[in-house]
Every structure is written in structure tokens, then in C-alpha cells.
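Subject: Structure handover

Hello,

Here is the structure I said I would pass on. Please look at it first; my notes on what was found in it follow below.

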Amino acid sequence: MIIQLKHHIDSSTKERIAQFVQSLDYTVSEVSTQKGNYFVGIGKKEIDIRHIGSLEGVADVYRVSENYKLVSRKWKQQTSAIELGPGVLIGGPEPVLMAGPCAIESEDQVRAVVDHLKQQGIRVMRGGVFKPRSSPYTFQGLGIEGLRMFHRVCKEAGIYLITEVMEIAQIEQMYDYVDVFQVGARNTQNFNLLNALGKTDKPVLLKRGISGTIDELLQSAEYVFSAGNEQLMLCERGIRSFESAYRNTFDINAIPLLKEKTHLPVIADPSHGIGIRSHVAAVALAAAAAGADGIIYEVHAQPERALSDAQQTLNFEESAALVAQLKRLAAVLK
Ligand code: PEP
Ligand code: MN
């Protein structure tokens, strides 16, 4: 059960509500975010929630039986759009594109991609500076110095940036240089990291775990939300399956299902989703048709020379063709 509290509620009114709910054999957790104050009540007993709705200080009350509560669409019908800045609304009527290299490699590389994105009208650039690589002997990213450069070049160009945070200690270092914190598939269930990101006021993109279920993804999102951060979006990036013909199995089903289950925006990552450059566009189009609120994909001036994920990275020509196809698709879907 979610009890939405009135703004400016005083502590004694809050206490009375909590005691009443506890008297019904429900535990109460208080959640305060940038946008509101809530009590999440967990219990087994069937109760008439109208009693709670009529208590002083209660704005509304919702019955949510899933393990995840605050991220559920059961209490919030409207998609919770995130405004990165003027004209960039994630979860609004138009899908948002985010593109860039897997890893930030050099200032020249970033400038080339920024120019490409500007030509294509893309306002958000992706790129990792802390890279979760399977092998410790491969390029691990440029680190915080790389992020400072990435940020400087993006800001000059009016581009927002999204980059992966791998551990709690990086949050503070990165904070001033990040528009969206990405949580990678290897950290989807790093609950300490999720809690810490819940305490920041920057948007978070949470990827689905490598072998993560949809329910697990939603519960991970609940960690961030319940720790205080409502600016949250989810990302389907493919899961590990028995199929070895491609890097991951992009789960197209997840897009409409997540849209039904949660009010959070849902982003698709076709690059990691299939891992094969020549098929990234097809998967991106499928995800857009399935209702994704955004597409995040990898692009590089010279994919063959990319220091990571070269095999799934588009060149500028392929990226431009994808943008044109997505525009045509959007017109048809309208
Ligand atoms: C990435 O976005 O480059 C990345 C490492 O993604 P994932 O966490 O989905 O593997
Ligand atoms: Mn990558």
C-alpha cells in the first residue's frame, strides 16, 4: 500500500497516520523524495483503504500488491517524464535518442561524435569513463579526467551526457560532470550503489541485469526511488539466454510489459541488446515500435578502431540512416 502524504504535513500528524497503519499489522516505511512524501505499508491483512484515505494528512492511498510499490503504475498512471533541460523530455510524447561511443577515448573522438549528434538533432551523448570490462587487461576507461573533458566538450555544444557509475565512491567525484548516472547491467543488484544514487538528485538510468528478471529490475528501481530519487528510467539491454548467435537476447517483450507495470520511462539499448553492428538498427526500430521512450546506442567515427564494443558500434553514416528511419517510423506510429 502507498500512502501519499500531503505536502507540509507536520510530524505529529504523520505519527498518528503511522500508528494507525501499524495497528492494522502493517509495517510502515517513510519515503521522502524530491517530489513527495509517502508511507509504504507492507502487510498481509485485507483492509479497507478508505479508512486510511480519510485520515488527516493523507492526500491519497493506493493498494499495490506487487513487491515493488512506488515504481508501479498502479498508483501513478502518467509516465514520470524526466526533463534533462529545455526540449529534452525523457518519457514525453517523443522518444529521446542518446548516442555515443561505448567508451570515451580522447577529446578528438568526443568532438567528432558531438558534431555528428548535433547534425542529427540528438541532444544526449553516452560514453563510459569507468568501464566494467570482462577482462582486466582491456581498456578500463579514462576515469574522472576523461569525464571532465567529456563534460566540457558537451557543455560547449549544449549536449547532455550520460555515463556509467560503478561504485559509491565515484558518485561525489562525478556529480558535477554528469547529467544522467547510468547503472550498468553488472550492478543492477548492487543495492548499496542503488541506495546511494537514491540520495542524489540527478537522473538515473538503470539497466536490466545480465540475467535479471523484470521483477528484479523493478525491485532494483524501487531501491533508488525509496531512497529518495524519483528521476529514474529503466533500460532493456538484452539478457543472457541459451542463444549464442548474438551477444545478448534483446527482450522486446520487456518494453510493453515494463510500460504496463511501471510509470518510469523505458529505454532500449539495441547495441548491447544484439551486439552485432549490422542488426542494431533493426532492433532499435523494433524497440521504438514496441513503445520505448528512448533509444540509447553506440556510435563512433571509426567503429573498427573503437577501444571497446567495436563490433556493435555504428559509424556516422549508419547512425544517420537509423535516425532517419526512426523519424519515419515515429510519423507512421503517430
Ligand atoms: C555500456 O553501456 O557500455 C555497458 C557496459 O552496458 P551494459 O551495462 O548494459 O553491459
Ligand atoms: Mn558498450
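A pocket here is found on a 1 Å grid over the protein atoms alone: it is an open set of points with protein on both sides within 12 Å along at least five of seven lines, where a cavity would be a set of points where a 1.4 Å probe fits but cannot get out, and lining residues have an atom within 4 Å of a point. The model is predicted, so local features need pLDDT of at least 70 and side-chain atom pairs count only at pLDDT 80 or more, while totals for chains, interfaces and linings use all residues. Residues are numbered from 1 along each chain as its sequence is written, chains are lettered from A and ligands numbered from 1 in the order in which they are written, and side-chain values use heavy atoms, with hydrogens and water left out.

Pockets

The largest pocket is lined by 25 residues, and those nearest its centre are Glu-94, Pro-95, Val-96, Leu-97 and Ala-330. Its volume is about 620 Å³, a volume being the space filled by probe spheres set on the grid points, which are joined across faces, edges and corners. Strand S6 (88–90), strand S7 (96–100) and helix H11 (316–333) each give at least two residues to the lining of the largest pocket. Helices (H or I, at least four residues) and strands (E, at least two) are DSSP runs numbered from the N terminus. H11 has the largest share of that lining, with five residues. By class, the lining of the largest pocket holds 15 nonpolar, five polar and five charged residues. Nonpolar covers Ala, Val, Leu, Ile, Met, Phe, Trp, Tyr, Cys and Pro, charged covers Asp, Glu, Lys and Arg, and the others, Gly among them, are polar.

The second largest pocket holds about 380 Å³ of space. Its lining has 20 residues, and Pro-132, Arg-186, Arg-247, His-272 and Asp-309 lie nearest its centre. This lining divides into 11 charged, five polar and four nonpolar residues.

Asp-309 sits in the loop between strand S14 (294–298) and H11. With a relative accessible area of 12%, Asp-309 is buried; buried means under 20%, exposed over 50% and partly exposed in between, for a 1.4 Å probe and protein chains only. Asp-25 has a positive phi too, of about 70°, and is not a glycine. Asp-25 lies in the loop between helix H1 (11–22) and strand S2 (27–32), and at 56% relative accessibility it counts as exposed.

Strands

S6, from the lining of the largest pocket, pairs with strand S5 (residues 82–85) in the antiparallel sense over three bridges. Two strands pair if DSSP finds at least two bridges between them. Ile-82 has Ile-90 in S6 as its bridge partner. S5 and S6 form a hairpin with two residues between them, and Gly-87 in the turn has a positive phi of about 85°. Gly-87 is exposed, with a relative accessible area of 74%.

S10 (180–183) and S11 (204–207) run parallel and are joined by three bridges. Val-183 has Leu-206 in S11 as its bridge partner. S11 is covered on both faces: Val-204 and Leu-206 are buried on one side, and Leu-205 and Lys-207 on the other.

Helix H6 (residues 191–198) has Leu-193, Leu-194, Leu-197 and Gly-198 as its buried residues. They cover an arc of only 145° around the axis, so they are on the same side of H6; the arc is that of the directions from the helix axis to the C-beta atoms. These buried residues pack against helix H5 (168–174), S10, S11 and helix H7 (214–226).

His-263 lies in the loop between helix H8 (254–261) and strand S13 (266–268), and at 0% relative accessibility it counts as buried. Leaving aside neighbours within four places in sequence, His-263 has contacts that include Leu-70, Trp-75, Lys-76 and Phe-225, contact meaning heavy atoms within 4.5 Å.

Val-113 lies in helix H3 (residues 107–120) and is buried, with a relative accessible area of 0%. Not counting residues up to four places away in sequence, Val-113 touches Gly-100, Pro-101, Met-125, Val-299, His-300 and Phe-316.

Regards
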